[in-house]
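Please view the sequence and the structure below, and then follow the sections in turn.

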Amino acid sequence: VLGSDVPVMVFTDARPGEIPGLQELPNVQMAEDNPSIVDILRLAQATIMIGASTSTFGMWSAFLGGMPSIWYPSKHQFSLTPDRPGFQITGGLDGSLPEGCGDLLRQAVL
């Protein structure tokens with residue numbers, strides 16, 4: 001969607017080996033272990049955040065940071081940035097993104 005590879009920092013509670021291949025992707029770095037509040041604040045500084053739909057950890061980060069965020073589909077509806085329409089993007093089950101969100105994401109990265 002962005003037109004090029006961009007640096008990605010992965011914050012996860014997965015154990016080593018539970019997400020094979022992720023670290024081998026271009027520009028992907030795993031975040032070091034920190035206390036949860038440190039990770040929430042680091043995530044809040046992201047340009048774009050990709051979160052799991054049921055992660056209150058990610059929701060707090062997106063709320064505090066006010067950045068565009070991409071979420072896995074969920075039956076739960078929530079509004080993290082009511083003053084910024086379109087900043088909460090729900091991806092498809094196949095990993096696709098809604099039409100038109102590319103411009104917003106590219107502007108965030110610039």
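## Salt bridges

In this predicted model, the side chains of Arg15 and Glu18 meet in a salt bridge, with 3.2 Å from N to O. Arg15 is exposed, because its relative accessible area is 59%, whereas Glu18, at 45%, counts as partly exposed. The structure holds three salt bridges, and the other partners are described next.

Glu32 is joined to Arg42 by a salt bridge whose closest N and O atoms are 3.0 Å apart. This pair links distant parts of the chain: Glu32 belongs to the loop between S2 and H1, Arg42 belongs to helix H1, and 10 residues separate them. Glu32 has a relative accessible area of 43% and is therefore partly exposed. Arg42 is likewise partly exposed, with a value of 28%. A further salt bridge is formed by Arg106 and Asp103, where the closest N and O atoms are 2.7 Å apart. Both residues lie in helix H3, which spans residues 101–109, and they are three residues apart, about one turn of the helix. Arg106 is partly exposed at 33% relative accessibility, and Asp103 is partly exposed at 48%.

## The buried side of helix H1

Which residues of helix H1 are buried? In this helix, residues 36–43, the buried residues are Asp39, Ile40 and Leu43. They lie on the same side of H1, because they cover an arc of only 100° around the axis. The cover over the buried residues of H1 includes strand S3 and helix H2.

## Helix H2

Ser61 has its place in helix H2. Is Ser61 buried or exposed? Its relative accessible area is 0%, and Ser61 is therefore buried. When neighbours within four places in sequence are left aside, Ser61 is in contact with Ile40, Leu43, Ala44, Met49 and Met67. Two of these partners, Ile40 and Leu43, are among the buried residues of helix H1.

By the rule applied to aromatic rings, the count comes to one aromatic pair. Trp60 and Phe63 form this pair, which is edge-to-face, with 5.8 Å from centre to centre and 85° between the planes. The angle explains the label, because planes over 60 degrees apart count as edge-to-face. Trp60 and Phe63 are three residues apart in helix H2, residues 56–65, which means that about one helical turn separates them. Phe63 counts as partly exposed, because its relative accessibility is 45%. Gly65 is also found in helix H2, and at 29% relative accessibility Gly65 counts as partly exposed. Between Gly65 and Met9 there are 56 residues in sequence, and their C-alpha atoms are 16 Å apart in space.

## The parallel sheet

Three strands form an open sheet in the order S3-S4-S5, and their pairing is parallel. Which strands are at the edges? Strand S3, residues 49–51, and strand S5, residues 88–90, take these places, as each pairs on one side only. From one strand to the next, the twist averages 25°.

Strand S4 comprises residues 69–71 and pairs with S5 in the parallel sense over three bridges. Ile70 has Ile89 as its bridge partner in S5.

## A loop residue with positive phi

Where does Asn27 lie? Asn27 is in the loop between strand S1, residues 8–10, and strand S2, residues 28–30. The phi angle of Asn27 is near 65°, which is a positive value in a residue other than glycine. Asn27 is partly exposed, because its relative accessibility is 44%.

Conventions
Residues numbered from 1 in each chain as written. Predicted model: local features only at pLDDT ≥ 70, side-chain atom pairs only at ≥ 80, totals over all residues. Heavy atoms only, no water. Phe/Tyr/Trp six-rings, centres within 6.5 Å; stacked < 30°, edge-to-face > 60°. Helix = DSSP H or I, 4+ residues; strand = E, 2+ residues; numbered from the N terminus. Buried < 20%, exposed > 50% of the residue type's maximum accessible area, 1.4 Å probe, protein only. Pairing = 2+ DSSP bridges. Axes fitted to C-alpha atoms, helices over the stretch in contact; angles between N-to-C directions. Arc of directions from axis to C-beta. Contact = heavy atoms within 4.5 Å. Salt bridge = Lys/Arg side-chain N within 4 Å of Asp/Glu carboxyl O.
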